[in-house]
Amino acid sequence: MQGNVILVGAGPGDPGLLTQRGREALSQAEVVVYDRLVSPAILALVPEKARKIDVGKEASHHKVPQEEINQILLREAQAGRRVVRLKGGDPFLFGRGGEELELLAEAGLPFEVVPGVTSALSVPAYAGIPVTHRDFCSSLHIITGHAKAGAKLTIDFEALKRTGGTLVFLMGVSALPAICRGLLDAGMAPQMPAAVIERGTTPRQRKLISTLEALPQAAEEAKVESPAIIVVGKVCTLSEKFDWFDHLPLKGRELVVTRPKERMGSLVGKLRALGASVTEYPCIATVERVENPALDAAMEALSKYRWLVFTSPAGPEIFMKRLLARGQDARAVAGLKLAAIGPKTAQTLTRFGLRADLVPAVYDSDHLAQAMEDVTGPVLLCRASRGSDALAKIFLAGGIPFDDVACYDTKYEMPDAGAVLPRLAAGALVTFTSASTVEGFVKSLPGVDLSHILGICIGEKTADKARQYGIAVRVAREATIESLINTIKEV
Ligand code: SAH
């Protein structure tokens, strides 16, 4: 099979700004070659089995020389692999994307380019600066502030001043004093509004709004570091009025999410959209039981049951998948009543055209059990191997016949503790969406003092488990993701 290279722009940092096409390319990649500017949240989207090659460039020295990067791309594609070359922002804007395609074109290897959201436009946007505005300017200029090693800047400041347009400088942190000096010497007003924005679009974004004259000192005092962009022009005055990102309710808040990888997305996405800095730390995994004679036997005789009960979204997913694989379909549960532990599980049922007949008022196993106290059996419980015994107790007490079938096992994962420890030290809150995520979290950090951690728990059972390990807790009012997020906002 012939390999290929897709040059993908990863955007400025916020994973939400990776394009749809970029996401697709990443999900199919066998090899991903990436830069320093690509954020961890985007690297988390790289499939586990794909090989990751870090060719990250440091500001002063190139970690992997450009020549060698070109060779790596050529070699991997020639070996028949699907290669994604992931670059910060847009690959063709000061990204050397052109140079990297040169060899591939010569060798006749197929390649594609997926443009990215460039930092030059998006970073100002996240700082409340529209790069053009009819009242202020009629052009935009994007300039590199990087000079070839040992050489002086070769920017025509007079020409830039004459345009009267907004000026955006990339790679300009170390040259900031020279850039401002150059513009002042070219006759630009010392009071011209100017800004520098560091780590734009990420939860650690910082912005400084100043004037052309005062910016270098302000940046030095604030210890501004790369990556940062410099914006010069009257549009900078709008920054205060249009600032939306810095005002997000969870802006700058550090959070650790411990749910299974396949369930990360919804919670993580919502938290990031609220401005939080989220570390994905999956502590458990849901593993379907491939050999499952008990479930097969139950599916063989579904019509004998009156109720079918699910205690997590994984339940209906695994149940319906197996039903279809066996040659049956949703009609096999047509005569059964369906119970779901909470709204998310009920919503998962609707994906299969099914509606839950019962959802308890409080979304936990105790309340589900109470709500089922008077049902007529037999009941089929389809859930994790290590489930709560509340349901079994109620059914036994009421003489209701039931089968408790394990559909999946909860496995403890060992995520990389090195990534989470600094975040915990920085005061990150940890979200727990089940008692098993607490177990998994504790197991992954042997010997670590957990007494300074605040856990945000989805319900009482989860909170009890956290307390057992000396973790302080706040409990969501309702066992839903929305309520969990509201609890975080209140901390
Ligand atoms: N191709 C990239 C730019 C590469 S040059 C793009 O289209 O965005 C690298 C420079 O981009 C950095 O020195 C910095 O000036 C800018 N940059 C990239 N990401 C940034 C971010 N998140 N915040 C601020 N500046 C950023």
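This is a predicted model: local features need pLDDT of at least 70, side-chain atom pairs count only at pLDDT 80 or more; totals for chains, interfaces and linings use all residues.
A disulfide, meaning a pair of cysteine sulfur atoms within 2.5 Å, joins Cys 382 to Cys 407, with an S to S distance of 2.4 Å. Residues are numbered from 1 along each chain as its sequence is written, and side-chain values use heavy atoms, leaving out hydrogens and water.

By this rule, the count is one disulfide. Where do Cys 382 and Cys 407 lie? Cys 382 belongs to strand E16 (residues 379-384) and Cys 407 to strand E17 (residues 402-412), so the bond ties together parts that are 25 residues apart in sequence. Helices (H or I, at least four residues) and strands (E, at least two) are DSSP runs, numbered from the N terminus. The torsion about the S-S bond is about -60 degrees, so this disulfide is left-handed.

Both Cys 382 and Cys 407 are buried, that is, under 20% relative accessible area, where over 50% is exposed and in between is partly exposed (1.4 Å probe, protein chains only).

Let me turn to Cys 137, which is in no disulfide. The nearest cysteine sulfur, that of Cys 236, is 10.0 Å away, too far for a bond. Cys 137 is buried at 14% relative accessible area, and Cys 236 is buried at 1%.

Finally, I come to helix H18 (residues 481-490), where the buried residues include Ile 481, Leu 484 and Ile 488.
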